[in-house]
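Q: I would like a close look at one part of this protein. Please walk me through the pockets first, then the packing around them.

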Amino acid sequence: MIDLLRKRRSIRKYTQEPVSPEALEALRETALRAPSSRGINPWEFIFVDDPFLLKQLAEAKQHGSQFVGGAPLAIVVCADSSKSDVWVEDCSIAAILLQFTALSLGLGSCWAQIRNRGRDANRSAEEYLQQLLGLPQQVKVECIIGIGHPDERKLPLAADKLQREKIRKNHW
């Protein structure tokens, strides 16, 4: 796990090579094995590989989601908010597990935040996705994760660049 953490970077450029059926199945299994508070599992996942729909997902917000349009796969991570008051945390855990599974399979990924983000002056990114994807009102969207074969290389963050001052012992 520490080796994956050391090399994980946000990848926003992908080749057009599709994600293999085996990798898709591993990602599906990862999503469904993600832990959740009290085992309620409020999360829901929409796997999108339709190029037209990927372009529409990329327009969810003004900045920070455009890369999704160039990905061969996106996973919309959402949850039935009526089932749990900690759906945000549950979705976040599932999302990062999906990203690390993708990395372990040789794929790149990047998270596009949706919750609490605006699309334009008239509606939120979440409202846009609820309408686009036909989500019920109680289903809230945490993020979109773009996934694909990397078409860019990023060096790992050097150990000497870690913000070690963020770690404290016993007290602030």
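What is the volume of the second largest pocket, and which residues line the second largest pocket?

A: This is a predicted model. The second largest pocket has a volume of about 260 Å³. Its lining includes Ile2, Leu5, Arg6, Arg8 and Arg9. Pro156, Leu157, Ala158, Ala159 and Leu162 also line this pocket. By class, seven of the lining residues are nonpolar, three are charged and no polar residue takes part.

Now the largest pocket. It holds about 310 Å³ of space. The lining has 15 residues. Nearest the centre lie Lys7, Ile11, Leu103, Pro150 and Lys154. Charged residues number six, nonpolar five and polar four. Helix H4 (87-104) supplies at least two residues of this lining, and so does strand S3 (108-113).

Aspartate 3 deserves a brief stop. It sits in helix H1 (residues 2-7). Aspartate 3 counts as exposed because its relative accessibility is 53%, and the cut-off for exposed is over 50%.

The largest nonpolar core has 24 residues. Leu57, Val68, Val76, Ile114, Leu129, Val141 and Ile144 have the most contacts inside it. At least two residues of this core come from each of H3, S2, S3, H5 and S4. H5 gives the most, with four residues.

Just after H5, glycine 134 takes a positive phi of about 70 degrees.

Isoleucine 114 links several of these names. Leaving aside residues up to four places away in sequence, isoleucine 114 touches Ala60, Ala125, Glu126 and Leu129, among others. Val141, Glu142, Cys143 and Ile144 are also among its contacts.

Methods. Residues are numbered from 1 along each chain as its sequence is written. This is a predicted model: local features need pLDDT of at least 70, side-chain atom pairs count only at pLDDT 80 or more; totals for chains, interfaces and linings use all residues. Side-chain values use heavy atoms; hydrogens and water are left out. On a 1 Å grid over the protein atoms alone, a cavity is a set of points where a 1.4 Å probe fits but cannot get out, and a pocket is an open set with protein on both sides within 12 Å along at least five of seven lines; lining residues have an atom within 4 Å of a point. Grid points are joined across faces, edges and corners, and a volume is the space filled by probe spheres set on the points. Ala, Val, Leu, Ile, Met, Phe, Trp, Tyr, Cys and Pro count as nonpolar, Asp, Glu, Lys and Arg as charged, and the others, Gly among them, as polar. A nonpolar core is a set of buried Ala, Val, Leu, Ile, Met, Phe, Trp, Tyr and Cys residues joined through side-chain atoms within 4.5 Å. Buried means under 20% relative accessible area, exposed over 50%, partly exposed in between (1.4 Å probe, protein chains only). Contact means heavy atoms within 4.5 Å.
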